[in-house]
Amino acid sequence: MNKHPPQFFISLYGWTFWTPILIAGVAAIVVTSAIAQWWLVAIFAILTIACLAFYRDFHRTIPSEPNVMVAPADGKVTEISTIEHYEPFHGPALKVSIFLSILDVHVNRSPCDGQVLWTRYEEGLFLDARHPDCSEKNQSHTICLGEAAPQKRPIAVVKQIVGAIARRIIAPVTIGETLTRGQRFGMIAFGSRTELYVPKSDRWNVAVTIGTHVKGGCDILLKKPG
């Protein structure tokens with residue numbers, strides 16, 4: 001299978017997780033239908049479809065206008081803040097956090113065009129993704145996107161964070177790989193959190209407010225003036 005599989009109605013990033021669900025669900029439906037337990041058939045069918053629906057992966061129309069960054073995930077914007085010193089940028093950063101409920105699509109997308117400068121996986125806790133400490137304490141995977149060599153200036157950082165239910169981060173990206181705006185690069189299994197960091201010096205204007213529900217890859221989070 002390709003590192004970044006083609007878009008399908010059910011995400012192929014998570015095939016190792018949803019395939020057992022599909023097999024178990026079909027087996028349970030076959031067994032219960034054979035013994036004419038139709039109420040159990042209905043229950044297993046509903047549960048199977050509900051679990052598979054979590055892995056849905058829809059086509060998105062990516063904005064083509066210049067100087068914008070799109071949402072890296074579906075979900076509700078829960079935080080817009082400034083960090084006085086963010087080490088990857090060696091200075092202040094603008095942070096936008098998105099909370100993904102179990103009802104949201106969990107495929108992650110690149111907020112902009114950029115080359116993967118580095119990645120970092122960190123073990124951690126499984127606090128609720130809405131907990132104020134989850135960004136620092138939960139298991140996470142961070143991707144830094146930047147300009148190609150020789151500059152290699154970081155332009156955005158995307159952080160995938162697990163929640164109390166989500167315990168699987170899928171992000172098959174490699175250093176040196178180039179991602180395009182809106183491109184799918186992985187997913188987080190079940191409720192979770194995705195954060196976007198950009199250098200404050202780049203003077204981005206926030207195009208959303210706290211409480212806004214955004215769609216990854218197609219809704220604009222940040223714009224540059226002019």
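This note goes through the predicted model above point by point, from the overall build to single residues.

1. Overall build. The protein contains three helices and 14 strands. For 226 residues, a compact globule would have a radius of gyration near 17 Å, and the value for this protein is 19 Å, which agrees. Taken along the principal axes, the C-alpha atoms fill a box of roughly 65 × 35 × 30 Å.

2. Surface and interior. Of the 226 residues, 48% are buried, while the protein exposes about 11,000 Å², and carbon and sulfur atoms supply 62% of that area.

3. Eight strands form an open sheet in the order β9-β5-β6-β7-β11-β3-β2-β13, and their pairing is antiparallel. The edges of this sheet are β9 (178–179) and β13 (213–214), each of which pairs on one side only.

4. Strands β6 and β7 run antiparallel and pair over seven bridges, with Ile143 standing opposite Val158 in β7. Strand β2 is joined to β3 by eight bridges, again in the antiparallel sense, and here Val77 has Ile98 in β3 as its bridge partner. Eight bridges also join β3 to β11, and these two strands run antiparallel; Ala93 is partnered there by Pro199 in β11. Strand β3 is mostly covered, since nine of its ten residues are buried.

5. Glu79 forms a salt bridge with Arg193, with the closest N and O atoms 3.0 Å apart. Because Glu79 lies in strand β2 and Arg193 in strand β11, this pair ties together parts that are 114 residues apart in sequence. Lys95 and Glu195 meet through their side chains in a further salt bridge, at 3.6 Å from N to O, and this pair also links distant parts of the chain, with Lys95 in strand β3 and Glu195 in strand β11, 100 residues apart. Arg193 and Glu195 form a salt bridge as well, in which the closest N and O atoms are 2.9 Å apart.

6. How covered is the network? Buried means a relative accessible area under 20%, so Arg193, with 6%, is buried, whereas Glu79, at 23% relative accessibility, counts as partly exposed. Lys95 and Glu195 are both buried.

7. Two residues with positive phi. Most residues other than glycine have a negative phi. His90, although it is not a glycine, has a positive phi of about 55°, and it belongs to the hairpin of β2 and β3, which has four residues between the strands. Arg203, also not a glycine, has a positive phi of about 55° and is found in the loop between β11 (192–199) and β12 (205–206). Exposed residues have a relative accessible area over 50%, so His90 counts as exposed at 62%, and Arg203 is exposed at 65%.

8. A cis peptide bond. Most peptide bonds are trans. The bond that joins Ala149 and Pro150, however, is cis, with omega at about 10°, and Pro150 is placed in the loop between β6 (140–146) and β7 (154–162).

9. Two helices. Val26 lies in helix α1 (residues 15–34) and, together with Leu22 and Val30, makes a nonpolar surface patch of about 230 Å². With a relative accessible area of 43%, Val26 is partly exposed. Thr48, by contrast, sits in helix α2 (residues 38–53) and is buried, with a relative accessible area of 11%. Leaving aside residues up to four places away in sequence, Thr48 touches Ile21 and Gly25.

Notes
Residues numbered from 1 in each chain as written. Predicted model: local features only at pLDDT ≥ 70, side-chain atom pairs only at ≥ 80, totals over all residues. Heavy atoms only, no water. Patch = residues over 30% accessible without salt bridge, like charges linked within 9 Å, V, L, I, M, F, W, Y side chains within 5 Å. Areas by Shrake-Rupley, 256 points an atom, 1.4 Å probe, with all protein chains shown as cover. Salt bridge = Lys/Arg side-chain N within 4 Å of Asp/Glu carboxyl O. Buried < 20%, exposed > 50% of the residue type's maximum accessible area, 1.4 Å probe, protein only. Rg over C-alpha atoms; globule rule 2.2 N^0.38 Å. Pairing = 2+ DSSP bridges. Contact = heavy atoms within 4.5 Å.
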